[in-house]
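Try each one before you read its solution.

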Amino acid sequence: MERVRRVLVHFCKDGAAQPAHFVQSITGHFSEGGEDEVEVGCSLERNRFILHRADAGRGGVTLKRHAFCPIKHLSVTENAALPLDVQQRGVDVGVATILQTANQRVLLTRRAKELRIFPNIWVPPGGHLELDETLLDAGLRELQEETGLKLEPEEGSPNILGLWESVFPALLSRGLPQRHHIVVYLLLRSPLSHLELQASLSPSPAEVSACLWADRQLVSAVVSDPDGENHDLQRSVSVSQVSADGALSDSSLPLEVFLSRAPVSGPDVERVSSGTMFALNLWLRSLDDL
């Protein structure tokens with residue numbers, strides 16, 4: 001593997017940290033029976049994100065992949081067809097911030113349609129973990145870069161909600177994998193309400209095309225069975241659209257946008273990302289635990 005200056009995923013084996021290969025399923029590495037969800041331990045050491053089996057009796061962090069994860073289903077022929085530079089990329093680390101307000105809402109943003117990876121998809125603010133950053137540093141930096149919201153490290157009381165194995169494109173039918181990440185979903189709790197934070201919201205139009213403060217009822221609908229009943233919800237959802245110059249305007253979108261799932265074939269649609277649904281489900285559980 002080429003020498004890289006990025007934070008990459010490593011496995012702890014025989015007391016040493018070894019880099020994961022791009023075509024290696026991270027979840028599958030820890031799964032004994034092909035499960036798509038496992039418990040792991042993790043640490044960030046000397047610009048290496050190290051994963052290991054969860055210690056018995058101490059629990060760990062949930063690591064999950066989608067059932068249709070392209071790396072999981074990559075054939076020998078497809079593996080061989082990957083360009084050499086892609087094969088040598090390793091597995092990158094991303095940090096996404098689930099920002100919880102004092103009145104229990106979370107911030108979601110729609111990725112700008114011009115972005116090459118997952119355009120027009122609803123996600124929390126996030127991006128790559130940079131060299132010499134802590135997870136909290138990265139989460140706060142990405143939050144400010146994408147939304148203009150600046151939280152001080154002592155404000156957030158952070159903890160890791162879970163880890164998601166993300167591959168782009170999300171389906172092999174849309175092309176061979178180009179990017180492979182472990183996304184760390186970091187929960188930050190703000191002492192301010194969503195209305196107080198909205199006053200400071202200043203999204204970057206190059207990255208964000210809309211914003212939404214999702215309440216618990218909407219989040220519950222997003223993570224539930226898309227064919228289930230949602231009689232108590234309005235059929236439209238209030239959002240803030242972001243203009244080309246960064247100005248915000250009130251708008252709404254059909255509820256169905258947020259209940260959509262990744263289509264099994266054809267082009268993608270506007271929806272909440274699968275990893276975000278995973279993290280939001282864990283967020284709901286954290287509220288129940290409180």
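**Exercise 1.** How much accessible surface does the chain have, and what share of it belongs to carbon and sulfur atoms?

*Solution.* The total is about 13,700 Å², and 49% of it belongs to carbon and sulfur atoms. Areas here come from the Shrake-Rupley method with a 1.4 Å probe, and for residues only the protein chains shown count as cover.

A word on the source: this is a predicted model, in which local features need pLDDT of at least 70, side-chain atom pairs count only at pLDDT 80 or more, and totals for chains, interfaces and linings use all residues. Residues are numbered from 1 along each chain as its sequence is written, and side-chain values use heavy atoms, with hydrogens and water left out.

**Exercise 2.** Find the cis peptide bond and place its proline.

*Solution.* Start at Phe 168 and Pro 169, which the cis bond joins with omega of about -5°. Next, locate Pro 169 in the loop between strand E10 (159-168) and strand E11 (179-189). Strands (E, at least two residues) and helices (H or I, at least four) are DSSP runs, numbered from the N terminus.

**Exercise 3.** Is Asp 132 buried or exposed?

*Solution.* First find Asp 132 in the loop between strand E9 (126-128) and helix H5 (135-147). Its phi is near 70°, a positive value in a residue other than glycine. Asp 132 has 66% relative accessibility, so it counts as exposed (over 50% relative accessible area; buried is under 20%, partly exposed in between; 1.4 Å probe, protein chains only).
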